[in-house]
Amino acid sequence: MKLALLTAAFGFLITASANAADGDKIKVAVEGVYPPFSFVEGGTLKGFDVDIGKALCEKAKLSCEFIAQEWDGIIPGLLAKKYDAIVSSMNITEERKKKVLFGDKYYDTPTMFVAAKSAKITDTSPKGLSGKIVGVQGSTTAQNYMEEKYKGLDFKTYSTIDDALNDLAAGRIDLMISDKIQINQWLEQSKEAAECCEFVGKEIRDPILGAGKGVAFRKEDEALKDKFNVALKAILADGTYQKINAKYFPFSIY
């Protein structure tokens, strides 16, 4: 992603809903460089996470400002009270529960490998990937999975998914691992990606990767978590969630 776009993403604020203007005011963090879940377009934060966050804020009668925050610092920023919630495709894991409080799952998608076609990879087991260079975004459950299941394998960590995918397309790594939906969008929307790369192996679901994606809060903010959980049930019940889902995906990711 171009530097100008990244610069626009970090530090950019938007108000979630004018209808919630009379409610409590909170700040919500998203990564901002993780399409189709959060990204900047025309100077505005957009994406599935942003739209879901806005809908949750409206139902909870909260006035929310959305802030783009680099992934590596997203939990530290929450704990430092730079914002009050994270709606950024964060996997619910036991390790993260030691630091933050999670609301209910708001979506769940599998993890997969994507590889350069020229690498001719058919076996994604640790033995099959011996000698291959795997890219993974740092400070993610995918990195935890690689470190646990692929010990001794040569893999490279990146600050963003875009950086890893760019290196994959350029042939600097052999494959990378990430959320299937995010990779699928890259393959569908980029001619270069479709020509160079393809999914390999099976969908990966493992406790290390978490139990779906949830909104994260500080541990003391039980009341705020409860408001978001009630709001999530409401948007699932009245069809708001389904409309947002259909805007980005031709199938349910809940």
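Mentor: Domain bounds here come from an automatic or database domain assignment. This is a predicted model, numbered from 1 along each chain as its sequence is written. Local features need pLDDT of at least 70 and side-chain atom pairs pLDDT 80 or more, totals for chains, interfaces and linings use all residues, and side-chain values use heavy atoms, without hydrogens and water.

Domain 1 (25-108 + 211-248) and domain 2 (111-209) both give residues to its lining, so the pocket lies between them.

That lining (residues with an atom within 4 Å of a point) has 13 residues, and I75, R96, K99, S139 and T140 are the closest to the pocket's centre. Helix 3 (74-79) and helix 4 (94-97) each give two or more residues, with helix 3 supplying the largest share, three. Helices here are DSSP runs of H or I, at least four residues, numbered from the N terminus.

By class, five lining residues are nonpolar, four polar and four charged. Asp, Glu, Lys and Arg count as charged, Ala, Val, Leu, Ile, Met, Phe, Trp, Tyr, Cys and Pro as nonpolar, and the others, Gly among them, as polar.

Methods:
1 Å grid on protein atoms, 1.4 Å probe; cavity = no way out; pocket = protein on both sides within 12 Å on 5 of 7 lines; lining within 4 Å.
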